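This report describes parts of one protein model. Please look at the sequence and the structure before reading on.

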Amino acid sequence: MTKSLFVNPAEVRAPGELTAPAIPVNQYKMDWAKEKKHFGADGLIGMLHDMIAIRQFESMLNSIKTTGGWQGIEYNHKGPAHLSMGQEASAVGQAAELEPYDFIFGSHRSHGEILAKCFSAARKLPVAETQKIMGEFLGGDTLKYAEKIGYDTDEELIENFILFGTLAEIFARKVGFNRGMGGSMHAFFTPFGSMPNNAIVGGSAPIATGAALFKRINKQPGIVVCNIGDASMGCGPVWEAMQMAAMDQYRELWDPADGGNPPILYNFFDNFYGMGGQTHGETMGYEMVARVGAGVNPEAMHAERVDGYNPLAVADAIRRKKELLLAGKGPVLLDTITYRFSGHSPSDASSYRTREEVEAWEAVDSLSEYSKLLIDKKVLSEGQVEELTESIVAKLTKVLALASSDELERVDVAYIEGKMLSNGHVEAFSDAEPELSEPLEENARVKAIARKVRTSTQDGKPVSKVKMYQFRDGLFEAMAHRFSIDPTMAAWGEENRDWGGAFAVYRGLTELLPYRRLFNSPISEAAIVGAGVGYALAGGRAVAELMYCDFLGRAGDEVFNQMAKWQSMSAGLLKMPLVLRVSVGNKYGAQHSQDWSSLVAHIPGLKVYFPATPTDAKGMLNLALAGTDPVVFLESQLLYDKGEDFESGGVPEGYYETEEGEPAIRREGSDITIATVGATLYRALQAADELQEKYGMSAEVIDLRFVAPLNYEKLIASVKKTGRLVLASDAVERGSFLHTVATHVQNLAFDYLDAPVVVVGSRNHITPAPELESLFFPQPGWIIDAIHERIVPLPGRVPEANFTDGELERRARLGV
């Protein structure tokens with residue numbers, strides 16, 4: 001426990017000075033005999049093959065983008081092409097020291113890394129195993145076309161498969177590695193350890209960190225390499241990821257048997273440019289990327305600058321750093337210097353650099369230098385190098401002819417729709433025995449919950465909060481259940497351990513779980529969510545927590561571009577069993593009290609749940625934790641101590657799931673329908689009471705429960721019965737998801753409506769201090785006033801809030 005980490009004032013106030021370890025810079029010295037013994041002639045030639053293949057592959061794409069063809073084959077490639085001519089040695093030297101089960105994550109400029117990792121992995125796997133992988137991948141579709149290219153040996157067929165699968169993906173073909181759903185910047189091939197490449201600069205850093213956590217927590221073999229550019233050092237998620245990987249707790253608090261820090265290597269392909277900005281001398285201040293390691297941990301991340309123009313120097317560094325990582329002594333930072341001859345993309349005229357500079361790097365071209373080394377050392381002759389180049393060009397010409405052929409299909413809308421969500425149900429992602437620190441039934445909180453009253457009233461009287469089963473108890477039961485049956489499940493966030501979470505949901509889990517399954521993270525929302533993405537796509541179930549909904553902004557890319565998209569961009573090859581628990585606040589003012597359900601509702605690829613009762617808190621979290629899709633699980637802070645008002649038998653004991661997408665009718669009525677999302681349900685019920693008592697209007701109250709997916713059948717049936725609909729939530733009215741609901745209802749039940757659908761939301765203001773919240777959040781009177789002004793006049797009603805046409809126009813005009 002953190003209580004064991006005594007912060008001694010005498011120690012921390014004592015004078016002294018910090019010193020950083022020396023950081024090696026280009027220290028590799030070649031021992032040819034050692035290198036030849038290590039790699040063998042075939043291994044050394046294999047690296048040259050891969051460098052040539054990458055150079056020709058990228059040159060081919062450059063020609064297609066700039067001239068419309070290559071080797072007499074015309075093709076109009078509409079997509080992007082961020083090319084790596086010049087950087088081949090960096091990718092190939094790295095891959096040479098990695099095993100098939102080692103992971104690499106990359107960036108938008110990662111064609112070379114895909115090819116290098118796949119070629120290297122294929123050489124290290126038995127041919128029979130590689131044949132099995134190719135035959136089973138996508139039902140053998142990619143292999144069938146690879147066989148059409150022509151081959152004499154198994155090795156040539158494997159080469160066909162790698163080159164064709166990558167190029168077909170770049171060309172958005174259905175037989176590409178990701179069915180054309182990823183394209184140039186997102187292609188990958190997981191069976192060989194080539195993991196998703198990321199178009200967002202630095203986007204791979206937190207995801208790769210999560211994959212490394214998966215390996216460490218589940219004791220899986222290998223390391224994870226995060227290949228990102230030098231310019232990504234300006235991105236917050238990169239720093240957050242490195243801090244998360246460097247946390248002291250892995251060595252201070254986790255069981256030593258867990259293995260130490262996650263095995264993550266942050267490899268910065270340092271080509272000195274971020275688009276047109278030069279990182280050295282202009283947009284950064286570190287002088288050398290390697291220097292940054294000194295600011296992360298006492299070991300300076302074992303940082304080192306490596307000559308990425310020498311594949312043997314890169315391989316040597318990877319070999320040494322891999323030993324550290326497997327020993328739990330990471331993370332590691334490598335500053336791998338390299339240079340791209342081409343622009344950021346083919347449309348880039350390189351106006352930000354001189355021709356003299358480019359020529360200086362071309363004069364020391366790694367491909368030429370490495371070829372010369374092998375020729376000088378008599379590993380092969382100059383003629384053999386030429387033959388190797390010619391054979392690769394001939395092979396690529398056939399690959400291009402096939403990949404560009406109109407014979408190859410692309411996916412259709414129905415296919416894409418079918419890959420947006422996986423809708424799977426998995427009890428556990430491993431057959432291993434889940435590790436608990438104590439039997440579930442002996443946990444103190446489990447015992448305490450068993451004694452609680454599972455309804456909000458008993459014998460007609462309110463149950464005290466101490467004795468009552470609360471909303472937070474439902475969440476706890478769902479979490480504890482899944483922890484007890486899925487050994488891969490891990491959870492993290494701010495204050496998750498010891499404290500039990502800021503809202504006591506996890507109280508009791510500290511005693512139930514070992515550190516590696518529940519731990520505190522840095523206050524790093526991008527890393528919290530991004531690590532969840534990486535953990536999930538690597539094969540585990542993750543639960544990440546954001547303490548306040550307002551902090552979604554800090555994790556915007558990770559939620560909107562990563563968590564939501566990798567299932568579909570992988571054509572369903574990856575699953576995303578990640579639940580993001582998000583607490584929706586109140587009483588803490590403008591930056592801690594916002595309902596952003598509408599933001600996540602807008603993002604395709606996410607499921608969004610918003611329970612309002614203890615029964616649903618448990619049932620909906622059970623549902624989310626059994627699924628294979630990313631779920632944003634919203635929880636109102638107004639409800640954590642709420643008891644069960646609706647289920648006559650109380651919150652059910654044992655395991656159950658709420659039916660996905662189905663609203664719940666909380667009160668039946670005949671004159672008007674009021675549908676809500678979240679905690680507004682209880683104010684809607686108050687409004688329904690007043691409508692009945694004062695105006696004789698019978699209101700049917702529906703708790704939507706789900707934002708996405710959402711089944712409209714019950715809502716439409718209710719509207720057909722009542723002819724009127726009010727929608728209410730605590731999200732601000734402008735841009736509210738409820739306007740989407742209103743549009744659908746008006747399209748689906750227009751002939752049954754007696755008046756337009758009305759949306760009641762919070763004011764389009766900042767959330768004020770708690771003393772003023774009744775001016776901001778929807779109140780029961782607002783719902784009634786909206787009915788009076790916009791649906792049906794209520795006899796004798798004196799409005800408290802203004803819902804007239806003029807007021808709506810005024811607010812829109814002023815932007816409030």
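## The model

The structure is a predicted model.

## The six-stranded sheet

An open sheet is built from six strands, ordered E4-E3-E5-E6-E10-E9, with parallel pairing. The edges are taken by E4 (194–197) and E9 (304–307); each has a single partner strand, so one side of each is left without a neighbour in the sheet. From one strand to the next, the twist averages 25°.

Within this sheet, E3 (residues 103–106) pairs with E5 (residues 224–229) in the parallel sense, over three bridges. Phe-103 is placed opposite Val-224 in E5. Strands of a sheet pair through backbone hydrogen bonds.

## Helices across the sheet

Helix H9 (residues 236–245) lies across E5, E6 (264–270) and E10 (332–337), and runs at about 150° to E6. Helix H12 (residues 311–326) lies across E6, E9 and E10; its direction is at about 150° to E9.

Strand E15 spans residues 542–546, and five of its five residues are buried. In a regular strand the side chains alternate between the two faces of the sheet. On one side of E15 are Ala-542, Ala-544 and Leu-546, on the other Val-543 and Glu-545, and all are buried, which leaves both faces covered.

E15 runs parallel to E13 (residues 490–493), joined by four bridges, and Ala-491 stands opposite Val-543 in E15. Five bridges link E15 to E16 (residues 578–584), also in parallel. Here Glu-545 stands opposite Arg-581 in E16.

Technical notes: Residues are numbered from 1 along each chain as its sequence is written. This is a predicted model: local features need pLDDT of at least 70, side-chain atom pairs count only at pLDDT 80 or more; totals for chains, interfaces and linings use all residues. Side-chain values use heavy atoms; hydrogens and water are left out. Two strands pair if DSSP finds at least two bridges between them. Helices (H or I, at least four residues) and strands (E, at least two) are DSSP runs, numbered from the N terminus. Axes are lines fitted to C-alpha atoms, for helices over the stretch in contact, and angles run from 0 to 180 degrees between N-to-C directions. Contact means heavy atoms within 4.5 Å. Buried means under 20% relative accessible area, exposed over 50%, partly exposed in between (1.4 Å probe, protein chains only).
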